[in-house]
Amino acid sequence: MKNIRSGRLAMATRTQMKTNLLATSVALALVQMATVAYADSGVGQDTTIGNALNRQPINPTTYGGLPDHDNIGAGYDNLDHTPSGQFYDRPLVPNQPGGKTAGGWEYTGHVEAGVIGTFGDDKSHGFRRYKDVDDGLYLNNFGVNMEKKDTASFFEISGGSVGQDDQFYSAQFGRYNDWKVSAFYNETPHVFTSTFRNIYNGVGTGNLTLKSGLTPGGAGGTNAADAANVAAVANANADTEIGLIRKKGGARLDMYLDDRWKLYASYTNEKREGARPFGSVWGGGGGTAPTETLEPIDYRTHDLLAGLEYADDLSAFNLRLQASWFRNEIDTLTFETPYRIAAGTTNGVTAGNFKTGRFDLYPDNDYFNVKGEYSRRLPDFYKGKFTATVAYASSRQDDDLIPYTTLSTVNLANVTGNNWNSVNSLSQDSAETRIDTKLINLGLALNPTNNLNLSGKLRYYETKNFNDYVACNPNASYVDNDPNTVGNQAGGVNALGCNGVWGRLINEGSGSAVLMGANSAYAGNLNIASVPFDYKQLTYGFSGDYRLNRTNSVNFAYEREKFDRDHREREKTWEDKVKLGYVNRGIEDATLRLSFENDRRRGSEYHTHHPYAAYYSGDIVAMPTATGSNVQTWVVHMNSGMRKFDLSDRDQNILNGRVNFMLRPDLDFGIMGQLKDIKYPDSMFGRTDKQSQHSINFDLSYQPDVERSIYGFYSYQVASLKQKGNASGAIGAGALSPATAVLGCTIGTVTPMGTITADNAEEICQSSYSGSVWLLANGWAVNHKDTTNVLGFGWKEVFGTKTFDFNYTYAGGKTKIGYDPAGGTTTAAAALAGDGMPDLKTTTHIIEANLLVPINNSLTSRIFMRYEIGKIDDWHYTGLQNTSVAINNAAATNLPTATVLDAGPQDYRASVLGILFNYKM
Amino acid sequence: MKIIQHSMVRLGLFALALLFCLAGRSALAQQDQANYIGEKKCIECHKQENSHFSHTAHAKVFRLNPRNENESRVCETCHGPGSLHAKSTKDKNLIIGYTKEWGTPVEKQQEQCLTCHKGGNRMHWDGSAHANNKISCSDCHNPMAKFSAKGLLKKASITETCQTCHQQQRAEFMKRSHMPLPEGKMSCEDCHNPHGTTTRPLLKADSVNDICYSCHAEKRGPFLWEHAPVRENCVNCHHPHGSNHDKLLQAARPYLCQQCHANTNHPSAFYNASQFPNAAGNPLAGGGVLNSRVMGRACQNCHAQIHGSNHPAGARFQR
């Protein structure tokens with residue numbers, strides 16, 4: 001097992017190292033705490049601190065305690081329920097203070113540590129994904145609570161999994177109701193795969209070089225030999241774990257300035273390190289030797305937050321300032337290719353010269369947000385309340401750009417001054433991108449009578465994208481001066497504020513999409529500028545809630561949501577949402593909640609080409625109009641029957657029901673269900689027809705006495721989705737249907753929709769009904785059916801002073817994908833394709849058990865086990881478990897169809913066993 | 001005709017709602033006025049309650065450093081004046097209780113909590129999804145004992161508390177790919193503010209993407225080349241809680257991508273089970289033709305920078 005994540009150690013030295021790690025980690029964590037934050041329900045993340053073996057944040061007050069026989073209080077009913085009718089837990093007997101210092105601090109504390117062992121497939125991705133357990137000494141958790149009553153001071157610290165990659169620490173101190181400093185440090189591992197067949201040196205860095213046995217640019221023999229070399233090196237380096245670790249710490253100050261004013265400020269610092277599986281490809285049109293690479297992760301994010309809050313009996317005010325700085329410590333990823341890549345439409349490079357490719361990785365970015373919120377009660381105006389929120393935010397990045405290629409020899413036939421390996425080939429040196437957002441939210445709530453609440457709201461949200469990048473090489477010009485193609489090309493094409501060569505080199509120059517770059521021919525579908533996507537969202541509506549009596553209420557809401565988007569297929573969409581709800585808290589011992597929502601989305605005319613036209617070369621070179629001219633690149637962007645699902649007409653009905661029922665004083669039952677039906681009435685391709693998402697959930701909780709509690713739950717979800725597509729091009733020989741050619745998109749061609757002219761070319765050529773580019777006979781349909789079953793139960797029993805608990809969770813997911821093949825599929829392929837993909841299946845079983853046996857008043861032993869079984873079938877990795885290189889012809893003279901180094905998720909069985917000792921101070 | 005039918009349905013729903021509103025009657029009980037008697041009097045009967053309550057944040061605040069007269073009333077800060085209750089302990093109208101058994105109206109419970117907890121993170125409680133569904137503060141919180149390390153929750157963790165009602169989401173977090181909630185590294189409150197927000201569904205940011213960027217700051221950009229649905233809403237492609245597919249995706253690739261991309265050539269092609277390799281990496285016998293778009297990460301084998309690219313060549317997200 002090769003492991004690129006930090007903190008991994010060889011088994012032989014693990015135990016010894018752990019002792020050192022433990023001490024070091026505690027020290028590091030304490031140091032970090034001096035500079036770190038803790039969030040609240042309103043802002044910030046990191047709201048919980050723990051890990052897979054400590055899912056509940058450590059509570060030093062009651063950790064390890066037994067349930068209190070007297071419950072919350074003798075004056076209560078034996079078992080109490082929430083207002084909705086769910087059990088309140090029985091409280092644990094609080095731990096007694098361990099003592100009192102000379103300074104008057106009372107303290108309570110514990111530490112739980114021991115030995116654990118892992119067994120089975122404990123290195124598998126499924127087992128390790130978000131947790132880190134190894135053999136050896138294990139400090140599971142600790143917690144100390146201190147309090148000095150005469151000064152109302154407190155101090156609390158907790159932590160766990162010390163020295164592991166999922167370790168966590170939390171601390172807070174201050175004066176009750178006055179000020180508080182809270183701090184945390186938390187590590188989260190994220191394993192992406194444990195079966196990567198690594199062919200690279202330098203994983204986790206910005207420079208991936210090929211391992212011994214492989215040659216950049218190919219070994220000079222045949223492609224088949226190169227592929228065989230890759231397979232051999234890959235197989236020799238199998239089962240490499242690829243993942244990252246998030247290391248985040250922060251500190252936050254909360255302080256009351258007086259009875260009405262409060263301020264808070266926090267800072268967090270997160271470091272992410274590791275790598276994740278990534279792609280790479282060569283060529284112009286895409287698809288040349290796609291080979292898996294590894295993206296390095298070396299991120300640091302600083303988040304600063306400050307807020308001021310005011311509240312009195314009438315008014316409240318919040319001011320929040322937020323700043324975030326993301327920094328990628330690795331700007332680019334350079335990787336060596338083991339294949340012999342040939343140049344496509346460029347010159348100056350022969351096969352084998354492309355030895356390295358380069359990605360520009362996620363750029364540094366800055367984010368700022370200022371938000372003000374104000375509310376005022378209006379006691380004399382129908383007991384109303386007015387609320388207003390205004391926020392302004394800005395995301396910015398201005399990373400230096402890199403040139404198209406590192407190869408100085410790459411050139412284009414029709415271009416002079418080829419400088420593609422220099423930033424002089426770019427219209428600007430840095431990205432200069434910015435998106436600003438504005439939020440305005442107004443709300444008015446009125447209570448005309450004690451039983452009636454009315455409210456109205458208006459929300460406006462806007463994103464404004466200031467990206468005006470153009471793909472223009474201002475320091476190159478065209479050789480061709482053919483007056484029939486475009487004006488005077490000697491100095492380049494002058495448009496959008498740039499005079500130069502338009503378009504871009506692709507994938508280091510192994511391909512190009514440069515206007516008139518390869519010859520004097522020109523096309524209308526080359527990207528010439530970035531599309532500054534942005535939108536405005538306006539939401540307004542009203543709602544009412546009426547209490548029919550003490551326990552019954554009905555509510556009604558209407559809302560219209562309008563989007564006004566720039567550069568999308570549909571400029572405007574609007575959705576009307578009507579919701580009716582009913583709450584009954586008085587049916588015997590039950591609470592019933594029902595709601596029904598009907599949503600209807602429509603929009604302005606749908607265009608598949610117009611929104612982007614200004615960003616393609618067709619905007620700067622006129623479309624030919626002469627008979628016989630092929631105008632496809634000017635008028636065809638997308639099949640006009642496609643309706644992207646976030647823009648399409650949509651009718652949606654959602655029925656929600658929820659019942660909490662106290663079957664007996666010691667037995668709770670809950671059932672919750674949702675039926676969601678979605679229709680896309682205007683979609684020919686894309687998501688079509690009907691989509692559904694249904695779920696039903698059952699909960700049972702049984703607490704017959706303090707010694708015993710049992711729970712169980714079951715969830716079933718089923719979702720279906722239909723989509724259709726239409727393969728472009730001709731139906732070839734040997735296909736199910738007779739061989740049919742497309743008519744093409746040339747001026748003067750006669751189609752079933754009429755003769756193509758310059759004016760109607762877009763309408764005709766984008767339609768499947770014309771047979772111009774798409775043939776209806778090439779249509780295909782895919783049906784997805786996704787089902788999930790989750791089952792769980794648990795049992796906790798107290799035998800005198802001993803406690804035993806057992807928990808089991810089963811989760812099973814299956815996605816069935818059926819299809820009707822496209823007419824273009826050959827008979828043989830259709831037979832092999834069948835009527836669907838193999839089912840995607842995932843199954844997990846998790847069993848956990850604990851036995852707590854007190855040894856004396858201070859010491860308790862805990863024996864625990866966690867056993868996991870995971871099974872997965874994923875057709876994305878079919879045939880790739882044994883070889884990473886897939887080659888599409890028997891002779892293997894071509895480059896590989898794909899090199900998939902990740903062997904994919906695997907079945908596993910693994911367990912953790914441990915004996916821990918809990919010492920209470 | 002369809003429009004008329006639809007309008008009629010809406011009108012009917014609206015009329016039904018109004019009917020409910022107009023036909024109802026008020027039945028909220030009015031709590032009699034009583035006097036404050038002090039916590040010592042309360043503890044005379046409620047010793048056991050006090051043994052747990054004393055460990056809570058409320059107890060510490062009220063007893064050790066109250067900021068005002070109301071807070072110094074301790075038990076009566078939340079339960080209201082207790083003089084009449086002390087005289088007639090079984091009359092549930094004489095003291096505010098927070099259990100279903102006690103039956104104090106939810107509105108009264110909320111009003112009592114919001115006396116102190118006004119403003120701040122609860123600015124948008126009125127009209128929120130939880131408020132409209134008559135969720136009481138004490139449906140999630142139990143300040144009578146220290147059940148949780150923080151927040152006076154009814155369960156030991158935020159996630160457990162939320163999942164007592166949100167069982168559907170609990171199941172989603174058990175799927176093949178999921179956020180690390182079951183592993184204790186996140187809670188529901190990392191993304192949601194259950195007390196109400198201006199962004200649905202109770203998100204604690206100005207938009208869906210803003211909340212995602214909180215942890216995935218690298219995807220914030222903006223990038224030189226943007227991908228429209230990515231920039232607008234992460235949920236276009238991802239299930240935020242969990243999915244039976246890789247990377248929390250809404251559907252299996254390449255089909256997910258094809259729900260928007262019907263361009264010529266490979267985006268609109270039909271992908272199927274004849275395109276897998278065999279164990280030797282070659283096409284399946286009998287007519288198979290390999291296709292890199294069904295293997296591994298499918299479309300992202302080539303379009304690796306699908307969230308946006310800062311490379312001048314990255315208009316197709318390949319660099």
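Modeller: A residue is called buried if 20 or more other C-beta atoms lie within 10 Å of its own, exposed if 12 or fewer, and partly exposed in between, with C-beta atoms placed from the backbone. The model is predicted: local features need pLDDT of at least 70, side-chain atom pairs count only at pLDDT 80 or more, and totals for chains, interfaces and linings use all residues. Residues are numbered from 1 along each chain as its sequence is written, and chains are lettered from A and ligands numbered from 1 in the order in which they are written.

I take helix α3 of chain A, residues 223-236; helices (H or I, at least four residues) and strands (E, at least two) are DSSP runs, numbered from the N terminus. The end C-alpha atoms of α3(A) are 20 Å apart, which agrees with the 20 Å that its 14 residues should span at 1.5 Å a residue (1.5 Å times one less than the number of residues). Buried in α3(A) are A:D226, A:A227, A:N229, A:V230, A:A231, A:V233 and A:A234. These buried residues pack against β42 (885-886) and β43 (898-899) of chain A, where a contact is a pair of residues with C-beta atoms, placed from the backbone, within 7 Å.

Next, a sheet in chain A. Its four strands form an open sheet in the order β8-β9-β14-β15, with mixed pairing; strands pair if DSSP finds at least two bridges between them. β8 (200-201) and β15 of chain A are at the edges with a single partner strand each, so one side of each has no neighbour in the sheet. Even so, β15(A) (residues 356-360) is largely enclosed by the rest of the structure, because four of its five residues are buried. β14(A) (residues 332-336) runs antiparallel to β15(A), and five bridges join them. A:L333 has A:F359 in β15(A) as its bridge partner. Strand β9(A) (residues 207-210) runs parallel to β14(A), through two bridges. There the bridge partner of A:N207 is A:T334, in β14(A).

For a helix in chain B, see α7(B) (residues 106-116), whose buried residues are B:V106, B:Q109 and B:Q110. Seen down the helix axis, they fall within an arc of 95°, so they line one face of α7(B); the arc is that of the directions from the axis to the C-beta atoms. They pack against α9 (137-140) of chain B. On the face of α7(B) turned away from the buried side are the exposed residues B:E111 and B:T115.

How values were computed. Two residues are in contact if their C-beta atoms, placed from the backbone, lie within 7 Å.
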